[in-house]
Amino acid sequence: MSEEPRRSFRFSFGIDKLGLIALRMPWLSAAIVAVLTALAVMGVMRLNVDDSLSELFRTNTKEFQQYEEIDRRFPSSEYDVLVVVESPQLLSRDNLAAFASTVIELQLADGVNGLISMLSARDKPDTNGYAPPIVPDELPADDASLAQVVERLRTNDIVAGKFLSEDGQLALVVISLDRKIVAEQTARKVIGGLQEIVDRELGAKGITAKLTGAPVMQLEIRNAVERDRLIYNGLGFVVGLVVAYMFFRRISLTLIAVAGPAIAILWTLGVIGALDFRLNLFINVITPLILVSGFSDSMHLVFAVRRSILAGVDRIEAARAAVLDVAPACLLTAMNAALALLSFSFAQSALIKTFGVAALLAVAISYIAVAVVVPTLAALLIRREKASRSTTDLDTEDGGVGVLQRVTEVIVRRVSAWPATFALLGVAAVVATGFAYSQLVPSYRLADQVPDKEQALAGTARLDQKLTGANPVHVMIQWGPEHALYDATTLKVIHEAHDVLQHRAGLGNVWSLDSLRRWLAEAGDDRIETVKTYVGLLPEHLTRRFIDANERAVLVTARMPDVDASKILPVVEEIDSALVPVRAANPGYEISVTGLPAIAARNSARLIGELNWGLVGDMFVIFIFLGIALRSILAGIASILPSLFPIFATGSLLWATGQGLQFASIIAITVAFALAIDSTIHFLNRYHLEEARLGAGSGEEHTRQALIRTVHHIGPAVVLTTIVLALGLGVTMLSDLPSLRQFGILTSICLFASLIGQLVILPATVAVIRRILPRRAERH
């Protein structure tokens, strides 16, 4: 086989020759791969799941530190299990008795600190200070007396709109969990026990009950992440295996094509486990990301090996030729993918930063695994065959690959015949879709992080409709040793903050120490001594909801519906604005607005905007890097339009369907861009090789022939890898997590749009640029 011209690259540092080292001693290479794989299994066994709802907004800012302070001082504030109970006849005698029995059983369940419900409400204190429960332990025997009890319950200020809906058909039970017991027994067991009680006590009566709240959401996230990991690994592997076999029709080539990415997944998960990176909804994306990016490189290498084998070339020489021709482009695609993902590792969000670091590791490990495993297995598994094709038919494929080859060749022939027209259409498409992309606004909802096919979001939705919502917003008031909890000034500040939430912000279900004072005031005794006495009578778990153990801070808490952060932000700003005069009048008190909805409202738009601009910056760095690395002005300029088009096209779809730019959207677009440019690099790499093989010459026909020969060689691989990439990432559409489903949809759309860019816009752009910048004008 004659030696053909091959392209050299800057910044490769010899890493593109890893496959040649493996080919010198394939058995030793296989042994090293086996040892590393065994070590990776140990790392995989250490993998844990991060189910935190706040990790996405964890930043090194005062705002988040205040949020963490709440979690430390008021352990129940963000860790309640909410039981949403519904029935058209909820307040009937039998159903009220069943509800009471359920509350007692829940109170006695393992892991429960205490609970609050409509049955916790009491009438106003009598002259002796005793406040009897509104609903007695023994329900009145006669219907008239029971009706009076129900009426007092429905009109009680503590109950109405907070624990019982206006129509009397929905009730809320708020359960405070003991974090120590949850840590010992696991959330799955504790929450499972609560679920069992609810099903047993209420299910038989035909009363529906749903568990929600942060602990339930976290458990559902954990279950979804663990389940999704199995689905992604299993289905992604099967998709790659089936598609590879459909086109190669050989077990050995199919195994080689799939083994590299499969080992890359195992190695990456092993490293992530060893570094104690926790699996979450974003890191879970890394598995299909490695599978598809590794599969793309693996397919290009195996296609090159296959062509040589069909020509009767020895397997070692075939693998060597593939490494020399294809591995440099594979390395360059890995470096460009790393640049595309680099901005994530500098994000302020801890969750996204962890994803960025893990993704960079995945890209590096994926390249090394594929670059070593494919040549090694090619040397060990492929048998030498007699040439099955003549020299003239060497590059002509048959079967499914042949169909793809002919289709892609026809497309490029048409495009190269009218390059200016197609290039102008490409510019128009990029400008139009780019305008639509620029109109996207950031969007975030807590519901995007939580499985939407489970009970937690269903329960939250019912609270949003029937009560005031389930998401807590807090005003935390702190003071130094110069003030005390029961000082008149302290109580006045608490009262004013309570008023701000209830009246200025218009929020419902407002709770604070002032709630108790108002209740006592209705009974005619709101003296500080009386308030202090009643606080002492309250259960510990209830007191710690709004007073910290050292009596140096209090919470004023309201609940609001789960809506988009853009709608929450004006409410948070209104609260902050209304508290300005309170802060000014009381400089000895630190008053802050916090809670997960407040943190999300303030930070989501900024974080999404930073990621978006980071992607734009990364893109242009990649274009410049590509031109320098390939020693080609053409490569740097020609890659711009076909790379921008799929990103802007995907954004246009979001804009056209009325969706915003979410965290999952920007990550999906960035990942798809990193994968899409893979094929662009392989195309440009092959084009330069074909230009060199055509010899001296320039002009439109020279360029046209180089383009046709380029797509003749790699057109099937480009189409096939795009299909596998889209299907491999498309399996995320099966997730219960809305953000991952959107990730799968957007990456698939982006990848298919990139196919248009690579087969239409890229050849047209190359042909037009070659008219202006002939080959001899470039420095090689």
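These are my notebook entries on a predicted model of one protein chain.

**Entry 1: the whole chain**

I began with the overall counts, and I found that the secondary structure of the chain comes to 26 helices and eight strands. The C-alpha trace spans about 105 × 50 × 45 Å along its principal axes. I then looked up burial, and buried residues make up 59% of the 780 residues in the chain. For the contacts with a separation of 6 or more, I noted that 81% are between residues 24 or more positions apart.

Next I looked up an open sheet of four strands, which has the order 2-3-1-4 and antiparallel pairing. Strand 2 and strand 4 (208-212) are the edge strands, and each of them pairs on one side only. Neighbouring strands of this sheet are turned by 20 degrees against each other on average, direction ignored.

I followed the pairings of strand 3 in both directions. Strand 1 (residues 80-86) pairs with strand 3 in the antiparallel sense over seven bridges, and within this pairing I found Leu82 opposite Val174 of strand 3. Strand 2 (residues 112-116) is joined to strand 3 (residues 170-177) by four bridges, and these two strands also run antiparallel. Here I noted that Leu115 has Ile175 in strand 3 as its bridge partner. Although strand 2 is an edge strand, four of its five residues are buried, and I recorded it as mostly covered.

I also looked for helices on this sheet. Helix 4 (residues 93-107) lies across strand 1, strand 2 and strand 3, and its direction runs at about 155 degrees to strand 2. Helix 15 (residues 455-466) lies across strand 1, strand 3 and strand 4, running at about 105 degrees to strand 4.

Strand 5 (residues 471-479) and strand 8 pair in the antiparallel sense over six bridges, and I found Trp479 standing opposite Tyr589 of strand 8.

**Entry 2: helix 21 and its partner**

How do helix 21 and helix 24 lie relative to each other? Their axes come within 10 Å and cross at roughly 5 degrees. Angles under 35 degrees count as roughly parallel, and helix 21 and helix 24 are therefore roughly parallel to each other.

I then looked up which residues meet. Those on helix 21 include Leu607, Leu611 and Leu615, and those on helix 24 (residues 663-694) include Phe663, Phe673 and Ile677. By class, this contact has 14 nonpolar, three polar and no charged residues.

Along helix 21 itself, I noted a kink of about 40 degrees centred on Asn603. Arg606 is found in this helix too, and it is partly exposed with a relative accessible area of 29%. Just after the helix, Arg631 takes a positive phi of about 55 degrees.

I finished with residues in loops. Thr186, in the loop between helix 6 (179-185) and helix 7 (187-203), has a positive phi of about 80 degrees although it is not a glycine. Its relative accessible area is 41%, and Thr186 is partly exposed. Glu551, in the loop between helix 19 (540-543) and strand 7, also has a positive phi, near 55 degrees, and it counts as partly exposed at 34% relative accessibility.

Leaving aside its neighbours within four places in sequence, Lys162 is in contact with Asp157, Leu172, Leu467, Asn509, Val510 and Trp511.

Technical notes. Residues are numbered from 1 along each chain as its sequence is written. This is a predicted model: local features need pLDDT of at least 70, side-chain atom pairs count only at pLDDT 80 or more; totals for chains, interfaces and linings use all residues. Side-chain values use heavy atoms; hydrogens and water are left out. Two strands pair if DSSP finds at least two bridges between them. Axes are lines fitted to C-alpha atoms, for helices over the stretch in contact, and angles run from 0 to 180 degrees between N-to-C directions. Angles under 35 degrees count as roughly parallel, over 145 as roughly antiparallel, 65 to 115 as roughly perpendicular and the rest as oblique. Contact means heavy atoms within 4.5 Å. Ala, Val, Leu, Ile, Met, Phe, Trp, Tyr, Cys and Pro count as nonpolar, Asp, Glu, Lys and Arg as charged, and the others, Gly among them, as polar. The bend at a residue is the angle between axes fitted to the seven residues ending there and the seven starting there. Buried means under 20% relative accessible area, exposed over 50%, partly exposed in between (1.4 Å probe, protein chains only).
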